[in-house]
Amino acid sequence: MAVVYKVEEPVAVAPRALPPAQWLKRTDNGPVAKAIFSVAVLGPLVAVVAAIVQLWQRAVVGADLALLVGMYFFVAMGVTIGYHRYLTHRGFRAPAWLKLGLLILGSMSMEGPALTWASTHLEHHARSDREGDPHSPLQGFFHAHIGWIVDGFDANPAKYGPWLREDRLVMFATRTFWLWVVVSLALPFAVDGWRGVLWGGVVRIFLVHHVTWSVNSVCHVFGKRPFKTGDRSTNNWLVGLLGGGEGWHNNHHAFQRSAYHGLFWWQFDLSGLIIRTLEALHVISDVQRVEPALIKKRLGENGA
Ligand SMILES: [Zn+2]
Ligand SMILES: [Zn+2]
């Protein structure tokens with residue numbers, strides 16, 4: 001049965017402190033940095049499409065593209081539906097087989113094991129654009145996009161998401177993380193040899209990484225903020241399109257448990273559509289959605 005929740009229910013309580021003054025004084029989150037950053041993030045995506053067009057029927061054939069698109073779809077859904085909306089935010093209830101399947105697909109993204117991914121993300125919601133946010137662009141765009149990983153951020157599941165450590169399936173997926181990464185490279189190898197590894201493995205990992213990281217960086221800088229959320233989260237249609245609906249990130253910060261990030265018909269949310277289908281097929285239950293009156297009220301708070 002669908003659950004409509006009336007009261008905002010953040011997983012962790014956000015502190016009301018302001019971002020540290022030294023963050024706001026940084027020069028690497030000004031307009032020039034924004035422009036350079038946009039090219040650096042969008043450029044490689046455009047280059048991959050250009051490479052496919054240039055190499056078509058010479059070094060890239062239909063099987064490679066099918067592997068890329070197919071693997072991208074399943075692994076990205078593992079991240080958005082599995083890691084994010086299901087595991088981190090408890091947007092719906094799922095049977096054990098589906099839960100394990102989603103966590104395995106999420107692991108294949110090579111974005112870290114289920115435990116650390118969810119815990120890091122809970123910390124982000126608890127401290128969004130405040131001191132302690134793992135990846136706020138107020139600390140520089142490069143930092144928000146990938147620098148925080150290069151710097152070796154350590155998740156703290158004892159504080160953020162201690163219940164995850166009690167969950168046997170989560171711990172199983174976490175312990176076997178590298179196995180699934182290897183499987184995600186072995187599958188395309190079995191279909192199309194090393195070319196399969198290139199397109200269904202390496203290029204796919206690169207694309208899923210950048211789109212996910214863009215939610216952390218682009219979707220706290222570029223786009224609209226229809227809801228007052230006390231942070232810099234934005235709705236960005238391009239990341240929404242590429243990232244299976246995750247680009248409606250201001251909506252998500254406003255209603256964290258909602259299984260749907262697209263809140264209006266024109267906000268395309270592929271993950272939300274799949275969740276809706278799974279619910280209609282009675283595979284999942286307790287799907288969290290927001291009452292339209294609450295959406296209206298929250299928009300009114302922002303004068304929208
Ligand atoms: Zn979230
Ligand atoms: Zn965010």
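1. His282 sits in the loop between helix H11 (270-280) and strand S2 (288-290); helices (H or I, at least four residues) and strands (E, at least two) are DSSP runs, numbered from the N terminus. This is a predicted model, in which local features need pLDDT of at least 70, side-chain atom pairs count only at pLDDT 80 or more, and totals for chains, interfaces and linings use all residues. Residues are numbered from 1 along each chain as its sequence is written, while chains are lettered from A and ligands numbered from 1 in the order in which they are written.

2. Most residues other than glycine have a negative phi. His282, not a glycine, has a positive phi of about 60°. His282 is exposed, with 7 C-beta neighbours inside 10 Å. By C-beta atoms placed from the backbone, a residue is buried with 20 or more others within 10 Å of its own, exposed with 12 or fewer, and partly exposed in between.

3. Met110 lies in the loop between H4 and H5. Its phi is also positive, near 60°. Met110 is partly exposed, having 18 other C-beta atoms within 10 Å.

4. In helix H7 (residues 168-175), the buried residues are Val170, Ala173 and Thr174. They cover an arc of only 100° around the axis, so they lie on the same side of H7; the arc is that of the directions from the helix axis to the C-beta atoms. Arg168 and Arg175, on the other side of H7, are exposed.
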